[in-house]
Amino acid sequence: MSDTSDTGPVLAADGTPLKRSLRRALRAQKMRALALIAPLLIFVLVAFIAPIADMLFRSVENQIVGNTLPMTVEELRDWDGEELPEETTFRALYFDLFLASEAKEHTKLGSRLNYEESGVSSLFRTTGRDVDDMGEVFQDALEEISPEFEEAQVWYDMMSGGEGADSNERLLSNQIGRLEQLESDIYSGDVGFVPGAAISDILPNTARAYSAFAAFVHFIDEDVVAEEDPWEAVYAALALDLEDPGTVTALATYDGPGADILRQAAAAELPPVDMQTAFIESNEDWSRVEYWEVIQTYSPPYTTGYFLNAVDMEKTTEGIALRDEDERIYGILFKRTMFMSMMITFSCIALGYPIAWILANLPARTANLLMILVLLPFWTSLLVRTSAWKVMLQQQGVINDVLVWLGLVADESRLVMINNQFGTIVAMTHILLPFMILPMYSVMQTIPPSYLRAAKSLGATPFTAFRRVYFPQSVPGIGAGSILVFILAIGYYITPEIVGGTTGTFISNRIAYHISTSLNWGLAAALGSILLAVVLILYWAYDKIVGIDNVKLGG
Amino acid sequence: MKLTKTLLATTALTVAAGASATAQEMADSMTLVSWGGAYQESQQKAYVEPYLANNPGVSATWDESSAEAVAKLRAMNEAGNVTWDLVDVVASDAMRLCDEGLAMELDHDEVLAAAPDGTDASDDFGDLIVSDCFVPQIVYSTTFGYRTDMVPEGTEPPSSICDVFDLETYPGKRSLQKRPIDNMEWALYCDGVAKDEIYDVLGTDEGVDRALAKLDTIKDQVVWWSAGAETPQLLADGEVFLGSTYNGRLFSAIAEQDQPIGMMWDMQSFDLDGWIVPAGLPEDRLARVMDFLKFATDTQRLADQAAYISYGPARESSAPLVGKHAELGIEMAPHMPTDPANATNVHIYDYEWWADNRDDLDAKFQAWLAQ
């Protein structure tokens, strides 16, 4: 009223433009709303999304082979798989396995590869115990040549190249990287040792083995490198380097620390480095090509192996093939899980529909009473209900006793109703029935009884009135109930385990087995992922056919 | 992973410190993991209560998770938060935990008490130390019980493992464990394979087929169990005529519940149960648990345990000390799987062999079951 000529922005009471002030208020409100749902959001992310993502990742993850045996994997890359790998591969394996067994990681790899080929587990375990001895011959021989090889300090000086020598930082950081991968940890800080550049040119294997040793001693044993006696593998590496005539020539002009004892060792006769024989002596399975094939096949960091296994297939050298018939099990189990879940869903519809109808059409007081009867088992422990079915259904159980007493069944031929598919279907139908009745009931309650009366008054028979008027309106309830029951059934575990015997178990029982007993989490994750995909596909198909908007959980 | 390293360092320290470990700071609570039921009760009475009486201010909590111990320890280790201090597992699980680096390697002579006559712990336990991480407690066996009132008239009660496969003489259902271990060996043995050749035969595809073919002859009469309590229940209900389970379960059904059940010890399968210490414990908890472990596995404590449950003590020096049942007052020795009268023909199952072949045979066994 006062000053209409002012065309500037509308101001709020505190003088700021109204728009900004409004936005601020809204933002605060949004933040408040977000803060309100934040606990739920965080909970869903942490407890739901993250584990699923982790599970999906586990089903393809396979870094353990490359992390534990990096050099062997490298050597095997071009191996043709026909004949036993060459000595160089065995040497790579020796140095890999030595470090892995010091870190006690080799048995993990053994159990991982044992999923693919029986026997790898003990192969790694027994050889892991022997790798120390394999290098001992060289240690003894070198110490025989010069007692100075026994001194930790001598080794330290020799490998670091002495004060002020050029150093080879890269070699050390490579070895630290290798240790980080092996231990899945991150290390930083000064090892207290850097290999000399000159010595690592002349003795590449020794410098590498000693650097790995130094990194291990510093980061894992938390000791001082210069005070620790080197591993047997370092002696073996030196013997290996000295086999090269080039090394001997290079040593002639080398004048770093330890040059004289190295020359002494080069001049002497050392036992030949024959890791192939040593490994095969330790465990003759190393001479079997199959085991090498497994290491080669499963060396990439990601694998489809678990998924193939989950659909009864396997990787062979000739490509992907079906497993032997006597090892195929998951196909049977997936089909059975689908079939039985559908049977359970249909049984629930058949039993639940009339109950829901009665509940919806009774006066409220009686309906409530009946509702309690529906909910009572729902509130009872799952285990109790399942065990109760055991008592009911077993051969010396209540139902058989009654049948025998009535003379309907002879005492010798009591019915087998448990430890098979029948038992599982009966028990699970009973357990899942409330999930069918409740959505049906809430939908049926909203259907006005006058529609049926109107249909009848227009001349429809009770059946036609039901079929054309009542039933179509109750379909959303059936849909909601079916989705609930089917999805719950497909992942059920306890009931089939207890009453399913051998023919009534589900895929989830195998998943549980692989999680808790065989520890093959990769396979369990692959099976779980497939199950998840199947449920999503069915949900999508349901949406296409019936339409998800037609699903109602209530009014 | 970081924890493992600290642990390795601290272990070295504690082990080196040896006897002076008691001087260290010790945690005043422990979480022990066991199987629940009568077995855990026997541990509580024989070791935990006396230990707590000697060490006032210390408390012990039980977690009944031994059946899933391997999976749970792996998960705890991945999460970097190991909440257990001492875990009771069967020998094969101990081997796997050791392989996976989830259990701590122990020097048995250093950390365990010597026998009263001075014999080193490693000699006293002998071959039962099947893994560097494993401290054996008891020897149990998987063996058979049968309903005495269901033995057909005019026939002797079953006395041989092969009676399990003899449906003509001994009709009726049998309950067997839902896993290949033991069942495959028994099947081959009853198919005429000599005892010392069983694993050689089972190592071939034909051998596996042969074992499954033998099991096929009784397949439709078998109820497969997965929990140790199932067979005693099935026997009590008269659902099965005979079934395999752990001998202690049968003992309690017979001696404590007076069920009409008889024992059949032929080819009982020996197995071990014992402690492992999880890898990655902080120093104070480790010191406490080592102190407890030394006490709980000494000669007297292992012998005491046999007064509550019919499992044989793992120490040789404990055997002569086994007395009477604490409540029933019956002599326990004749109920032990290791009693000479019961152990005339035993099956010693090969841990190493099964560790290698379990995945493969299990796939075949499960596929066979599902068909």
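Trainee: Across the interface of chain A and chain B, how many residue pairs are in polar contact?
Mentor: This is a predicted model, so local features need pLDDT of at least 70, side-chain atom pairs count only at pLDDT 80 or more, and totals for chains, interfaces and linings use all residues. Residues are numbered from 1 along each chain as its sequence is written, chains are lettered from A and ligands numbered from 1 in the order in which they are written, and side-chain values use heavy atoms, with hydrogens and water left out. A polar contact is a pair of N or O atoms within 3.5 Å; within protein, one must be able to donate a hydrogen and the other to accept it, and residues adjacent in sequence count only if both atoms are side-chain atoms. With both residues at pLDDT 80 or more, the number of pairs across this interface is 21.

Trainee: Which helix of chain A gives the largest share of the side that touches chain B?
Mentor: Helices here are DSSP runs (H or I, at least four residues), numbered from the N terminus. α5 (106-114), α6 (120-145), α17 (330-361) and α25 (507-516) of chain A each supply at least two residues of that side. The largest share, five residues, comes from α6(A).

Trainee: Which residue of chain B meets the side chain of Arg58(A) in a salt bridge?
Mentor: Good one to look up in the structure! The rule asks for a side-chain nitrogen of Lys or Arg within 4 Å of a carboxyl oxygen of Asp or Glu, and it finds six such bridges across the interface. For Arg58(A), the N to O distance is 2.4 Å, and the partner is Glu78(B).

Trainee: What is the radius of gyration of chain B, and how does the globule rule compare?
Mentor: The radius is taken over C-alpha atoms, and the rule is 2.2 Å times the number of residues to the power 0.38. For 371 residues the rule gives 21 Å, and chain B comes close to that, so it is as compact as a globular protein of that length. The radius of gyration of chain B is 21 Å.

Trainee: Is Ser184(A) buried or exposed?
Mentor: Ser184(A) lies in the loop between α8 (169-183) and α9 (197-202) of chain A, and its phi is positive, near 40°, though the residue is not glycine. Buried means under 20% relative accessible area, exposed over 50%, and partly exposed in between (1.4 Å probe, protein chains only). With a relative accessible area of 56%, Ser184(A) is exposed.
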